[in-house]
Amino acid sequence: TDTLVEGIDFDFSWATWGDVGAKAAAVNLSDMAAMGAKPMHLVLTLGCRRNDRVVDILKLVQSAVHVCETHGARIVGGDITSTKGPLFVTLAATGDVDTRYAPLRRYCGVPSDVIMVSGNLGDAAAGLLCLQHGIAKHQSLVRRQLRPTPRVALGRVLARSGQVTSCTDLSDGLASDLAHVIAPGCGAEIDVQCIPLARGVRSVAKRFDRVPLELALAG
């Protein structure tokens, strides 16, 4: 289950209703990917204000439906409630794991395991900076913030490989989420020179006097 709250996880000054629906679906499907699971069903709960328009709510829902269907899952129900505060969107996902293979789990990384990531880090954090400051450049980074792609197919491949001891998706930055794959009593050592950064991340960080690694580690 994941929840997006207006003003905390998104802002309508830079996100569309469709963006919010797509991201709400993606972050839940990403948790399925991190277990090597095939996403099956999702239920959607919306907290709407009195002045929200039906046409906008439908854009959110339709966008979420599209992302789910892209990965073979369906929204099968949910709930709508009213709120006097910010809009919130909650999705809960269920999925299946292939019983021939062990599901990917958290907190199982042990000494001698190699830590790996599937792509560049810091892109979404750099994209958020661009959105907050109205910068039209770096659309690839902006898209990573607005419409992240859940790596469902990759997760299933990793589960079938039998070579992965622990797995998680990165939603809060490497420094925070790395703790989710380490067994109790263990630590981790990262060579910062090996952290993959897109060229655009370095450019955005320089523009706002930020350290590129900060965006990768804590963004």
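**Exercise 1. Which strands does helix 1 lie across, and at about what angle does helix 1 run to strand 4?**

Keep in mind that this is a predicted model. Start with the helix: helix 1 lies across strand 1, strand 2 (38–48) and strand 4. Now the direction: helix 1 runs at about 35° to strand 4.

**Exercise 2. Work out the order of the strands in the sheet, and say which ones stand at the edges.**

Begin with the order: the 4 strands go 1-4-2-3 in an open sheet, with mixed pairing. Next, look at the ends: strand 1 and strand 3 (74–82) each have a single partner strand, so one side of each is left without a neighbour in the sheet. From one strand to the next, the twist averages 15°. Then zoom in on one pair: strands 1 and 4 are antiparallel, joined over 4 bridges.

**Exercise 3. Find glutamate 6 and list what it touches.**

Second, skip the neighbours within four places in sequence; glutamate 6 then contacts Phe12, Arg49, Pro86 and Leu87. Third, check the side chains: those of glutamate 6 and arginine 49 make a polar contact at 2.7 Å.

**Exercise 4. Decide whether serine 112 is buried or exposed.**

Locate serine 112 in the loop between strand 4 (88–96) and helix 3 (123–132). Its relative accessible area is 72%. The cut-off for exposed is over 50%, so serine 112 counts as exposed.

Methods. Residues numbered from 1 in each chain as written. Predicted model: local features only at pLDDT ≥ 70, side-chain atom pairs only at ≥ 80, totals over all residues. Heavy atoms only, no water. Polar contact = N/O pair within 3.5 Å; in protein donor to acceptor, adjacent residues only side chain to side chain. Contact = heavy atoms within 4.5 Å. Helix = DSSP H or I, 4+ residues; strand = E, 2+ residues; numbered from the N terminus. Buried < 20%, exposed > 50% of the residue type's maximum accessible area, 1.4 Å probe, protein only. Pairing = 2+ DSSP bridges. Axes fitted to C-alpha atoms, helices over the stretch in contact; angles between N-to-C directions.
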